[in-house]
Amino acid sequence: MGEKIVEARGVCHAYVPGRQDLRGVSLDVAPGELVAIVGENGSGKTTLARHLNALITLQAGALSVAGLDAADPEALWGLRRACGMVFQNPENQFVSSVVGEDVAFGPLNFGMSEKDARAAAAAALGAVGLPGFERRDVHALSGGQQQRVALAGVLASGPEVIVLDEATSMIDPQGRDELVRAVLRARAERGATVIWITHDMELAARADRVVVMRAGEVAAAGAPEDVLVDEALLASAGLEPPMPARVWAELVRLGAASGPASVTVEGLVSALCA
Amino acid sequence: MTLEDICLCYEDAAGERVRALDGVSLELSGGVCGLMGQTGSGKTTLLEVMAGVSAPDAGRVLVDGLDAARGAGARALAASVGLVFQLPERQFFEPTVAEELTFGLLARGMGAEEARERAARALALMGLSMDELGRRSPFALSGGQQRRVAIASVLAARPSLLLLDEPTAGLDPRACDACLAAVRSAAAEGATVVMASHDANALAEVADRVVCLEGGRVTLDGPARELLADADLMRAHGLEPACAARATAALRRAGVPVEGAPLTAEELARAIARGRGLT
């Protein structure tokens with residue numbers, strides 16, 4: 001990998017002395033890359049993600065994000081601006097009940113003028129497909145709209161890296177699709193790097209690269225079509241391959257197919273039509 | 001349980017009157033009923049009416065033929081129902097997992113030993129061990145463990161009407177499997193289970209019947225397999241079909257023969273193999 005926007009080397013973390021919640025995680029992410037991080041609850045996904053924007057301070061190892069050293073206390077605000085996070089439950093992350101106030105909160109706190117912050121908020125709401133929502137009550141929005149407001153709050157500060165921590169798990173399928181589209185559009189238009197923590201293997205299959213976390217370590221990292229077909233690896237991490245890969249594996253067992261498995265429905269259809 | 005023409009309205013934050021349930025009639029007797037519908041369709045409100053937490057503006061809830069709004073019917077409902085709210089882990093209040101799990105049982109007058117035994121069994125159903133977790137604070141567990149403890153605390157009372165609101169949302173595959181196994185087990189022991197969920201893949205594994213709500217009305221009600229496997233029908237009702245159903249529809253559009261109505265990866269693979277002349 002050439003240029004890196006995230007470079008982690010041997011990152012360790014213990015929430016309480018004697019425990020090892022992260023055990024020497026090393027991971028590189030290229031600018032503009034879409035990386036999915038998968039793993040069972042407690043495997044260290046969120047702990048790793050929270051290092052990226054300095055919600056958790058570095059205990060051991062080395063970490064840089066957008067060229068900022070996570071071990072440098074002076075880099076704290078820079079890291080938080082460079083890396084924005086969208087969390088699991090939309091209602092837990094709002095600081096104002098008014099959409100425009102909530103989205104402008106980040107830029108204002110990073111020192112932007114009132115006028116520029118309002119303009120950044122308006123642009124971010126447009127980018128997530130919610131133009132003109134500034135005066136709406138966040139609690140009167142659907143779950144999908146709330147998550148897009150949360151994403152707009154992140155985008156308004158102009159981050160280079162967007163981390164989504166199980167951001168689709170509490171919203172309905174329509175809301176999930178709305179959020180996925182908004183994230184992919186932000187990535188395409190702003191060149192943002194996206195790190196998506198998810199249990200949704202269909203979503204992971206759409207990433208450029210998948211990182212499998214297991215017991216605080218990176219168990220594997222690679223292209224979805226390599227990582228998400230490895231039943232033994234995934235089982236050891238408490239996971240299973242996406243449905244199309246499981247269908248293909250069963251077809252191979254039945255002698256009805258051969259060759260590499262597909263991880264998406266589109267890939268499965270192509271393989272069976274070939 | 002019988003629901004007769006249930007209507008319920010509430011005022012939203014803007015002071016607008018919203019009709020959350022609009023003439024819902026259902027008969028429930030055994031098995032697992034999946035309750036589907038988009039956010040705001042009335043699923044949670046319906047579960048709350050079934051549990052007696054919310055009173056309908058019109059219509060009746062009957063338990064064994066008795067009106068659940070009063071007297072013996074209300075007592076029968078209270079004795080038989082267990083409701084697992086969305087994010088049930090937010091309701092923890094006891095200092096240890098063991099105390100959290102036995103609280104409801106002890107409050108009903110059960111002896112300490114029996115309560116502990118029942119709680120341990122319910123926890124085991126969710127794939128967790130009382131020996132390992134009993135003395136730990138429920139607030140210090142991982143998210144997946146918290147959800148399973150919360151569901152176990154309802155299962156421990158062995159409700160004959162088990163209502164679950166999005167129990168698998170946010171769970172990893174292992175915790176999700178444990179949750180679905182517990183649902184199957186409760187139904188096998190005779191409980192009537194209603195599980196509200198957006199997850200057609202999860203419902204495909206446990207549901208016998210699926211009911212779809214749209215705007216507070218029942219717009220679909222039928223055998224789970226028939227409905228969940230019909231990708232076009234599900235989409236027409238604003239629902240996401242099970243992954244196997246989506247793949248089946250895509251394969252058929254591409255001219256790949258798929259027999260029957262597969263709902264799981266294994267069923268779909270066998271259906272494709274049969275279409276290729278293999279058995």
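At roughly what angle do the axes of helix 3 and helix 4 of chain B cross? This is a predicted model, in which local features need pLDDT of at least 70 and side-chain atom pairs count only at pLDDT 80 or more, while totals for chains, interfaces and linings use all residues. Residues are numbered from 1 along each chain as its sequence is written, and chains are lettered from A in the order in which they are written.

**View 1. Helix 3 and helix 4 of chain B cross with a right-handed sense.** The axes (lines fitted to C-alpha atoms over the stretch in contact, with angles from 0 to 180 degrees between N-to-C directions) of helix 3 (residues 97-107) and helix 4 (residues 112-125) of chain B come within 9 Å and cross at roughly 120°.

**View 2. Chain A meets chain B through 35 residues of chain A and 34 residues of chain B.** Two residues are in contact if their C-beta atoms, placed from the backbone, lie within 7 Å. On the side of chain A that touches chain B, helix 10 of chain A gives the most, with six residues; helices here are DSSP runs (H or I) of at least four residues, numbered from the N terminus.

**View 3. Chain A is divided into domain 1 (6-241) and domain 2 (242-274).** These bounds come from an automatic or database domain assignment. The centres of the two domains of chain A, taken over C-alpha atoms, are separated by 31 Å, and ten residues of domain 1 are in contact with eight residues of domain 2.

Note on methods: Helix = DSSP H or I, 4+ residues; strand = E, 2+ residues; numbered from the N terminus. Left-handed = near helix turned anticlockwise from the far one by under 90°.
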